[in-house]
Amino acid sequence: MNYTLKRFEKFFSFESINIRIVLLTAFISYLLQINAIISGEPLYLIAFYTLLPWIPLCLFEGIWKVQNYAAVALLGLFTILQIGHFAEHLIQVLQIELGNGTVACPPPIDNAVNAARGVALGLRDAALAPSFYSVESIIKPGAGGQPILGPDGTLVSGPAACAVFGQLDLEIVHLVWELFGLFGTAFVLYYFRKNIFLWIAFAGLCWHALEHLTITYFYYFDQEQLWDGFRQLWATYPAQGNSYVAHAAGQEAAKLNFYEAGGKFGLMAKHGMFEQLTGFSGMPGRAHLHMGYNLFITIPTVLGFLWEFRTISNKYIQMAFSGLSKNDIAKLTQEVRISKFGKGDIVFNQGDIADKCYIISRGKVDVIIQGSSGSENVIAQLGVGQIFGEIGILDQDNSRRTATIRATTRLECLEINAETLKDLASDSGGRFSSEETKSQLIDLVLERKDDLLSKAQ
Amino acid sequence: MRTALLLIPNLVLASQLFWTNVASAASGPLAEGFGRDAWLDKLHVVGGVVLLVAALTVFLVLMILKSR
């Protein structure tokens with residue numbers, strides 16, 4: 001349990017970014033959020049401004065995690081995106097069920113046409129220019145597109161049931177997001193082909209892709225207007241701050257294309273193809289059905305990620321200690337610390353006390369020994385996946401650094417402390433049990449000591 | 001070139017926000033006269049999409065199972 005928590009803590013933290021930058025970003029995010037709230041911005045903009053400063057940070061951290069943890073990190077990224085996607089669908093359903101939400105997505109905009117209707121209905125001042133904000137609330141339309149009255153005679157209003165970022169509730173966005181999930185899951189399945197949870201998610205994604213490809217085809221390519229119908233009209237006006245309301249303002253007769261007439265419901269939703277062809281009338285509405293689809297995809301994605309996460313390991317440790325078991329590499333991954341150096345920095349000097357060793361995860365170093373006359377001799381260059389600093393820890397005759405290490409480029413290393421390295425090289429049943437790793441380390445120490453002796457002469 | 005590749009999808013998405021008169025997704029009742037026959041007329045489209053998704057699935061499964 002301890003290791004599991006440690007793994008979570010490590011993976012879901014900013015490992016590659018200085019804590020000061022993280023704190024600064026949090027502060028900026030907080031300021032933007034407060035400013036948006038005080039300015040009376042709608043919820044979607046408050047959420048947007050809050051998240052905005054985190055985007056570049058998460059991008060850089062995400063790239064670093066993929067470089068170090070490979071496919072597990074990618075799977076983690078997809079898992080987070082799927083959870084966010086599902087959350088949007090869930091919020092939409094809650095808006096419908098609990099909030100008298102109206103499904104008008106993307107939400108009506110306070111544009112010139114809608115604002116003019118607002119003026120005509122006496123709902124807003126004519127001098128107030130259209131703001132082009134998306135509305136947050138909708139006065140629910142009933143028969144004839146006019147507002148419904150509740151049991152107490154007041155207008156029934158609720159949120160625009162389009163989740164938080166309703167402006168993204170567009171067919172092309174649904175399709176692109178869905179295909180991104182499908183291809184992304186297929187990509188990680190290449191690395192985790194025995195993960196049954198991911199196969200289940202993949203099956204769900206294939207079916208979901210079928211729905212959205214069909215709907216999007218009709219949306220873009222079938223424009224023949226053959227059906228008589230109507231379009232809902234809205235009158236928009238400001239509520240509070242920059243929050244706007246769309247008041248149901250009747251309907252206009254229109255000729256509708258296939259999508260508008262009924263194709264938008266897709267294959268399996270209420271009023272969709274299945275109900276039309278079979279006469280069955282018990283299917284859930286599109287919003288509820290697609291929330292269900294996303295649940296069917298997200299749960300196995302999360303389980304699939306947790307399954308692989310049990311043995312998440314740093315690929316540079318795998319490169320350095322190929323003899324260790326998958327579980328031992330996963331354990332060692334939790335014990336290392338990241339250290340960074342600039343170009344030209346000295347990692348340690350010849351003669352320093354040896355208390356840790358390093359595996360290079362980015363960059364290169366020069367191994368330098370100082371002659372008796374004080375001259376410097378570069379005797380080797382080490383790169384990604386190679387270990388240095390081990391001699392001073394493992395050599396029983398000498399506990400001091402045998403060479404100076406200087407970074408020749410920007411350098412990033414995984415630090416292993418002396419106790420852990422000794423455990424790796426121990427034959428008395430330590431935490432990491434691998435004969436191969438023990439021999440590998442001992443051979444490395446002997447080889448490098450010989451090399452040092454020959455080059456020092 | 002790289003900037004264009006990054007900008008183009010964002011611009012396409014952003015342009016959609018101005019299509020304010022397009023019918024809202026998944027709202028409202030069925031239009032009058034829209035029913036079984038309308039879908040039967042489009043079965044070839046649905047069939048085409050089913051074939052496309054089936055082919056894509058097979059392709060992806062083969063790529064997944066391809067030995068490294």
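Modeller: A helix here is a DSSP run of H or I with at least four residues (a strand is a run of E with at least two), numbered from the N terminus. Keep in mind that this is a predicted model: local features need pLDDT of at least 70, side-chain atom pairs count only at pLDDT 80 or more, and totals for chains, interfaces and linings use all residues. Residues are numbered from 1 along each chain as its sequence is written, chains are lettered from A and ligands numbered from 1 in the order in which they are written, and side-chain values use heavy atoms, leaving out hydrogens and water.

Let's begin with A:Val173, which sits in helix α7 of chain A, residues 171–191. At a relative accessible area of 16%, A:Val173 is buried (under 20%; over 50% is exposed and in between is partly exposed, with a 1.4 Å probe and protein chains only). Its C-alpha atom is 66 Å from that of A:Gly374, 201 residues away along the chain.

A:Thr50 belongs to helix α3 of chain A, residues 43–51, and is buried too, with 16% relative accessibility. Setting aside neighbours within four places in sequence, A:Thr50 touches A:Ser29 and A:Gln33 (contact means heavy atoms within 4.5 Å).

Next, a helix pair: α4 (residues 54–69) and α5 (residues 71–99) of chain A pack at about 140°, their axes 6 Å apart. That angle makes α4(A) oblique to α5(A): under 35 degrees is roughly parallel, over 145 roughly antiparallel, 65 to 115 roughly perpendicular, and the rest oblique. The axes are lines fitted to C-alpha atoms over the stretch in contact, and angles run from 0 to 180 degrees between N-to-C directions. On the α4(A) side, A:Lys65, A:Val66 and A:Tyr69 meet A:Ala71, A:Val72, A:Ala73 and A:Leu74 of α5(A).

Now for the surface. A:Phe8, A:Phe12, A:Ile80, A:Leu295, A:Ile299, A:Leu303 and A:Leu306 make a nonpolar patch of about 570 Å². Patch residues have over 30% relative accessible area and no salt bridge, with like charges joined within 9 Å and nonpolar side chains (Val, Leu, Ile, Met, Phe, Trp, Tyr) within 5 Å; a salt bridge puts a Lys or Arg side-chain nitrogen within 4 Å of an Asp or Glu carboxyl oxygen. Areas come from the Shrake-Rupley method with a 1.4 Å probe; for residues, only the protein chains shown count as cover. Helix α11 of chain A (residues 286–309) gives the largest share of the patch, four residues. A:Phe8 lies in helix α1 of chain A, residues 2–11, and is partly exposed at 31% relative accessibility.
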